[in-house]
Amino acid sequence: MHKGLVDRFGDISNKIQVACQQAQRSEEEIKLVAVSKLQPVSVIEKAYALGINNFGENYAQELAEKSSACPSDIIWHFIGPIQSNKINLIAKHASWVHSIDREKVAKKLNDALEVEGKKIHALIQVNIDREESKSGVLPEQAIDFASSLIAHYPNLILEGLMFMPKINASKKAKMNTMKKIIDLQKSLLSKIPSCTHLSLGTSNDFEESILKGSTILRIGESLLGKRS
Ligand SMILES: *Cc1c(COP(=O)(O)O)cnc(C)c1O
C-alpha cells in the first residue's frame, strides 16, 4: 500500500528528530526543503497545509509559475543549474539559491537583484567528487570564490556551501567525501564566520547528513511522492 503525504512527513520528521538527538543538535538548526520539481501545485498546497514552507525548484520557469500560483509566504529555494538567460526569474521568485557556481552568474544575479530591490540567500555549489556531469566549483576554488562573492556582490547574502555527493559510490568513498566536505566547511567558516549553512542530504542520506552537520536538507520523492 502507498503511504500518503501525512505519513511520509511524519516518518521524515521522526527520523530528523532522532538524528538530531543522536547528533546532540537542536531541530531548529535544520531547515527541511521539500523538493517540488515536477510536482503539481496541488501537492505543494497539501504539503504547505501540513506546515512545510520551504520548497525547492530546479527549473526557473517552473519556479516562476509555481511561486505565482502558491501561497505568498512560501520560501522558494532555487537548487538547479543556473542558466544565465533565466536569472531574472530566479532573482524575482527565489529567496535562496543553492547553486551559485561561477562569477558570471553571480554578477548577473546581483544586477538582477538590484533591479528587484532585494537580496537573496546564497550558497556556493561545490562539485566535491569532481564529476564531469555535475556543476559546481572545484573544492580547492570554493574559498577564494566565496571571498570574491562577498567582496563584489552585496545582493548575495553568502550563507555557506551546497553539495550533491555521488549517491552510488562505495561506502568507503562516501566516507572520504564526507570528510572532505566537513574539512572544507570548517576552513570556510574559519575564514568567513557568517557562512554557517551546509546544504547536504537528500532522500537517501539525510540522517547521516544531520550527523555530519547539515543545516539544510533537500528532500524530494520520499516526502512529496513520485515525480510525474
Ligand atoms: C531533485 C533534487 C533533490 C531531491 O532528490 P530526491 O531524490 O527526490 O529526494 C535534491 N537536491 C537536488 C539538487 C535535486 O535536484
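A word on the model before going on. This is a predicted model, in which local features need pLDDT of at least 70 and side-chain atom pairs count only at pLDDT 80 or more, while totals for chains, interfaces and linings use all residues. Residues are numbered from 1 along each chain as its sequence is written, and side-chain values use heavy atoms, with hydrogens and water left out.

Back to the ligand. It is surrounded by 13 residues, and the closest are Lys 37, Asn 58, Ser 203, Gly 220 and Arg 227; a residue counts as near a molecule if one of its heavy atoms lies within 4 Å of it. Arg 218 places a polar side-chain atom 2.9 Å from a nitrogen atom of the ligand. Gly 220 brings in its backbone instead, with an N or O atom 2.8 Å from an oxygen atom of the ligand. Taken alone, the ligand exposes 390 Å², and the protein buries 86% of that; accessible areas here come from the Shrake-Rupley method with a 1.4 Å probe, and for residues only the protein chains shown count as cover.

Now to the interior. I'll say "buried" for under 20% relative accessible area, "exposed" for over 50% and "partly exposed" for in between, with a 1.4 Å probe and protein chains only. A nonpolar core is a set of buried Ala, Val, Leu, Ile, Met, Phe, Trp, Tyr and Cys residues joined through side-chain atoms within 4.5 Å. In the largest one, with 62 residues, the members that touch the most others are Ile 100, Leu 109, Ile 124, Leu 149, Leu 156, Phe 163 and Leu 223. Helix H1, residues 5-23, supplies the largest share of this core, six residues. Apart from it lies another core of five residues, among them Trp 96, Leu 123, Met 162 and Ile 216. As background, nonpolar side chains tend to be buried together in soluble globular proteins.

For the element names, helices (H or I, at least four residues) and strands (E, at least two) are DSSP runs, numbered from the N terminus. Take helix H2, residues 41-49: which of its residues are buried? They are Val 43, Ile 44 and Ala 47. These three sit on the same side of H2, because they cover an arc of only 100 degrees around the axis, the arc being that of the directions from the helix axis to the C-beta atoms. On the other side of H2, Lys 46 and Ala 49 are exposed. The buried residues pack against H1, strand S2 (54-57), helix H3 (60-69), strand S3 (75-78) and helix H9 (221-224). After H2 comes Gly 51, with a positive phi near 105 degrees.

A contact means heavy atoms within 4.5 Å. A polar contact is a pair of N or O atoms within 3.5 Å; within protein, one must be able to donate a hydrogen and the other to accept it, and residues adjacent in sequence count only if both atoms are side-chain atoms.

Ser 67 lies in helix H3 and, at 15% relative accessibility, counts as buried. Its side chain makes a polar contact of 2.5 Å with the side chain of His 93. Ser 99, in strand S4 (residues 96-100), is buried too, with a relative accessible area of 1%. A polar atom of the Ser 99 side chain lies 2.6 Å from the backbone oxygen of Gly 80.

Then there is Tyr 153, in the loop between helix H6 (142-152) and strand S6 (156-163). Is Tyr 153 buried or exposed? At 9% relative accessibility, Tyr 153 counts as buried. The side chains of Tyr 153 and Glu 103 make a polar contact at 2.9 Å. Leaving aside neighbours within four places in sequence, Tyr 153 is in contact with Glu 103, Ala 106, Lys 107, Asn 110 and Ser 148.

Last, two backbone details for anyone checking torsions. Gln 24 is not a glycine, although its phi is positive at about 50 degrees. This residue is in the loop between H1 and strand S1 (31-35) and is exposed, with a relative accessible area of 76%. Arg 130 also has a positive phi, near 50 degrees, in the loop between strand S5 (120-126) and H6. Arg 130 is partly exposed, at 47%.
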